[in-house]
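Thanks for coming. I have one structure to go through today, so please have a look at it first.

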Amino acid sequence: MTQIYTALVSGKFPNLAVAEIKGVLEAEKIRYKIIGVYGQLVRISAETDAIKAFSRLAATHLVIKELSFCELKDLVRAIKKIDWGFLIDKTFAVRVKKSGVISDSVNSMELERRLGTIIKKASNAVVKLKNPDVTVQVLITSNLAAVGVLAVQRPKGYYRSRRPRNRPFFHPSTLDAITARILVNLSRCRRGNLLLDPFVGAGGILIEAAEIGCTAIGIDIEDKMINGCRRNLEYYNLLSYTDLILGDVTNLWFRPTAFDSVVTDPPYGRSASTHGRDPRKIISNLLYL
């Protein structure tokens with residue numbers, strides 16, 4: 001059965017967020033269609049349950065199972081048309097999130113109360129503001145509104161706990177956790193696949209790959225980086241998903257089909273040393289992996 005989802009994506013890089021959504025759906029082999037992009041709202045039609053795939057996303061704040069999509073002026077009418085029978089014997093709360101340019105006349109708290117009253121009357125469900133059984137999420141952007149059941153929301157502090165400076169071993173060349181996760185997702189790697197980072201450094205990419213269940217191999221030419229990476233992987237209990245190789249990737253050989261994905265942030269001779277070699281030659285060698 002086809003389900004329509006609406007995602008609220010990051011306002012910093014919405015185009016990259018859409019590419020990441022496509023990446024995770026294709027990684028999980030889910031047939032889909034991007035129905036439309038409206039500012040920070042992305043509507044997706046998926047032929048199978050996509051919640052597991054969406055839970056991998058880094059550039060998306062939350063995803064709802066859509067119940068209605070309408071112009072903002074028609075929101076109350078749309079709420080009244082929805083069959084709220086699925087809320088019987090459940091508790092619920094209404095949450096409103098705004099993005100983009102919204103009229104000052106739209107007060108989120110007042111709208112939550114008004115919509116909550118309508119839904120309670122239609123379903124006889126109990127309003128519970130903390131830890132409800134169901135969160136009815138309303139997403140508003142410009143003159144449009146999406147209404148649905150909250151399906152995926154990034155836990156608070158999920159990526160903060162893996163910030164480079166929060167790890168036992170830190171190096172200034174390390175990617176932040178969100179960027180590393182986006183790169184892994186763009187690679188279409190999935191649980192059980194084998195991913196290679198040929199310039200592993202402090203292990204940011206390996207950490208994010210292992211977090212979603214990939215087997216990840218990291219290579220680095222510096223003993224210091226391999227040891228530091230191992231400390232970071234141990235800290236997050238991810239050693240069982242990973243292997244590390246001390247060596248020069250330009251002098252190593254792998255079968256062309258050895259890895260499902262290659263994801264890396266190569267050294268450019270600034271914060272990460274190239275050991276006197278031309279960064280362009282190092283990067284060109286990646287094409288042979």
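This is a predicted model: local features need pLDDT of at least 70, side-chain atom pairs count only at pLDDT 80 or more; totals for chains, interfaces and linings use all residues.

I'll start with a salt bridge: Glu28 pairs with Arg190, and their closest N and O atoms are 3.8 Å apart. Glu28 sits in the loop between helix 1 and strand 2 (32-38), while Arg190 sits in the loop between helix 5 and strand 9, so this pair ties together parts that are 162 residues apart in sequence. Glu28 is buried, because its relative accessible area is 14%. Arg190, at 26%, is partly exposed.

A second bridge links Arg188 and Glu26, with 2.8 Å between the closest N and O atoms.

How many salt bridges does the structure hold? The count is ten. One of them joins Glu208 to Arg162, where the closest N and O atoms are 2.7 Å apart. Glu208 is in helix 6 (residues 204-211) and Arg162 is in the loop between strand 8 (144-153) and helix 5, so that pair ties together parts 46 residues apart in sequence. Are Glu208 and Arg162 buried or exposed? Both are buried. There is also a network, in which salt bridges with shared partners join Glu71, Lys73, Asp74 and Arg77.

Now the whole chain. It has eight helices and twelve strands. Along the principal axes, the C-alpha atoms fill a box of roughly 70 × 35 × 35 Å. The chain has 289 residues, and 49% of them count as buried. If you take the contacts with a separation of 6 or more, 73% are between residues 24 or more positions apart.

Next, helix packing. Helix 1 packs on helix 5 at an angle of about 50°, and the axes are 8 Å apart. That angle makes helix 1 oblique to helix 5. The crossing of helix 1 with helix 5 is left-handed. On the helix 1 side, the residues are Leu16, Ala19, Glu20, Gly23 and Val24, and they meet Arg181, Ile182, Asn185 and Leu186 of helix 5. Sorted by class, this contact has five nonpolar, two polar and two charged residues.

Helix 5 also packs against helix 6, at an angle of about 60° and with the axes 8 Å apart. These two helices are therefore oblique to each other as well. Which hand does the crossing of helix 5 and helix 6 have? It is right-handed. Helix 5 contributes Ala177, Ala180, Arg181 and Val184, and helix 6 contributes Gly204, Ile205, Glu208, Ala209 and Glu211. By class, the residues of this contact are five nonpolar, one polar and three charged.

Leaving out residues up to four places away in sequence, Asp265 touches Ser173, Leu175, Asp197, Phe199 and Ile205. Asp265 lies in the loop between strand 12 (261-262) and helix 8 (279-285). Asp265 and Ser173 are 92 residues apart along the chain, and their C-alpha atoms are separated by 8.8 Å. Asp265 counts as partly exposed because its relative accessibility is 26%.

Last, two backbone angles. Most residues other than glycine have a negative phi. Lys29 is not a glycine, yet its phi is positive, at about 55°. Lys29 is in the loop between helix 1 and strand 2, which is also the loop that holds Glu28. At 65% relative accessibility, Lys29 is exposed.

The other case is Asp89, with a positive phi near 70°. Asp89 is in the loop between helix 3 (75-81) and strand 5 (91-99). With a relative accessible area of 76%, Asp89 is exposed.

That is what I have for today.

Conventions. Residues are numbered from 1 along each chain as its sequence is written. Side-chain values use heavy atoms; hydrogens and water are left out. Helices (H or I, at least four residues) and strands (E, at least two) are DSSP runs, numbered from the N terminus. Buried means under 20% relative accessible area, exposed over 50%, partly exposed in between (1.4 Å probe, protein chains only). Contact means heavy atoms within 4.5 Å. A salt bridge is a side-chain nitrogen of Lys or Arg within 4 Å of a carboxyl oxygen of Asp or Glu. Axes are lines fitted to C-alpha atoms, for helices over the stretch in contact, and angles run from 0 to 180 degrees between N-to-C directions. Angles under 35 degrees count as roughly parallel, over 145 as roughly antiparallel, 65 to 115 as roughly perpendicular and the rest as oblique. A crossing is left-handed if the near helix is turned anticlockwise from the far one by less than a right angle, and right-handed if clockwise. Ala, Val, Leu, Ile, Met, Phe, Trp, Tyr, Cys and Pro count as nonpolar, Asp, Glu, Lys and Arg as charged, and the others, Gly among them, as polar.
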